[in-house]
Amino acid sequence: MKKFLITCFYLALTLAVCAASFLLPSALNTYQDRQIFAKIEHTAMDPPELAYSTSLYDTLRLLCGPHYFVDYPSTGSKRTNEEIHTAAADLIEKLSEYNIVSADAKSHISNYTSSLQLAIESENRLSDDINIAGSAQSGGSAAETKAEAESGPASEESSDIATAVVWLCSVTFDSGYWISLRMDDKTGKAVSLSICTERIQMMASTGCEPELDAFASSVAAFLEDYFELPANAQKVNIVHPYLSLYDKSSSFEASYLIQLKEENGTVIQLPLHIYAESVTLGAYSSYRTPLS
């Protein structure tokens, strides 16, 4: 019996030594990792905060640069859907005064829908293509334009992400044509729009540059009155509709920049694109999932 107990003791001791030799390296590695991690300096990474737009012009600047949209709870709005509906109808009437839409468009609205969204500035805060296009029209180099943008107040380094609450409004007419608007929640003013009308399609089908230039000038005149800021239209590029008599599938696009100048001299550039089917003013960007 005594011999059996001694054998069991040595067997247990052997198993303990084997287990220790197996687990000890892992335990030592874990201990060393903790010691090394404790000696490393860790920089605090505070998440960027959302900075809401404080003025209509801030919202326009935000939408002129890279951004995206997410759904926003209706409880966060300052205006009601009825107020935005009235503002959209009044805007359509004003667009008709400048012959941008037909004169009877307001009285022929067949459907209206709206939803609240949050426009959020994306990581790239400088839209190089707009700056380069503006530089080409003003005679400056792309580098000079970029340097001016980076030295201006809008490019000051900040960890805050600019945002703006806007209404997405879709208006359909009896004719089947439509207007899509984004309205600033604070002021009830439109900050971007897309229009599909018969006149636009006819204008694009001819590709007549004097007519396109006149339309861009009408848009600039409307914006000057609407935002109460000096505005002018600069032609960027025109791609004619047909490559040949037999090719009627090629796309058409006329690009302009509508420049608005604030009292402090800051220029806001709104891109105007005339396509074969529609016209867009301001930037329309990506759409993401709703805020939780």
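What you see is a predicted model, in which local features need pLDDT of at least 70 and side-chain atom pairs count only at pLDDT 80 or more, while totals for chains, interfaces and linings use all residues. Residues are numbered from 1 along each chain as its sequence is written, and side-chain values use heavy atoms, with hydrogens and water left out.

Let's start with the overall picture. The protein has seven helices and 11 strands; these are DSSP runs numbered from the N terminus, with helices (H or I) of at least four residues and strands (E) of at least two. Of the 292 residues, 36% are buried. Here, buried means under 20% relative accessible area, exposed means over 50%, and partly exposed is in between, using a 1.4 Å probe and protein chains only. The protein exposes about 17300 Å², and carbon and sulfur atoms supply 56% of that area, as given by the Shrake-Rupley method with a 1.4 Å probe. Now take the contacts (heavy atoms within 4.5 Å) between residues at least 6 apart in sequence: 68% of them join residues at least 24 apart.

Next, find helix H7. Two packed helices are described by the angle between their axes and the distance between the axes. The axes are lines fitted to C-alpha atoms, for helices over the stretch in contact, and angles run from 0 to 180 degrees between N-to-C directions. Helix H3 (residues 81–97) and helix H7 (residues 209–227) have axes that come within 10 Å and cross at roughly 135 degrees. H3 and H7 are therefore oblique to each other. Angles under 35 degrees count as roughly parallel, over 145 as roughly antiparallel, 65 to 115 as roughly perpendicular, and the rest as oblique. The crossing of H3 and H7 is right-handed; a crossing has this name if the near helix is turned clockwise from the far one by less than a right angle, and is left-handed if anticlockwise. Leu91, Lys94 and Leu95 of H3 meet Phe222, Asp225 and Tyr226 of H7 in this contact. By class, these residues are four nonpolar, no polar and two charged. Ala, Val, Leu, Ile, Met, Phe, Trp, Tyr, Cys and Pro count as nonpolar, Asp, Glu, Lys and Arg as charged, and the others, Gly among them, as polar.

Helix H6 (residues 198–206) also packs with H7: their axes come within 8 Å and cross at roughly 140 degrees, which makes H6 oblique to H7. This crossing is left-handed. On the H6 side the contact uses Arg199, Met203 and Thr206, and on the H7 side Glu211, Leu212 and Phe215. Three of these residues are nonpolar, one is polar and two are charged.

Between H6 and H7 runs a loop that holds Gly207, which is buried because its relative accessibility is 8%. Its C-alpha atom is separated by 9.2 Å from that of Ala276, 69 residues apart along the chain. Within H7 itself you will find Ala214, partly exposed with a relative accessible area of 42%.

Finally, back to the loops. Asn99 has a positive phi of about 60 degrees although it is not a glycine, and it counts as partly exposed because its relative accessibility is 47%. Glu228, in the loop between H7 and strand S7 (231–239), has a positive phi near 55 degrees. At 68% relative accessibility, Glu228 counts as exposed.
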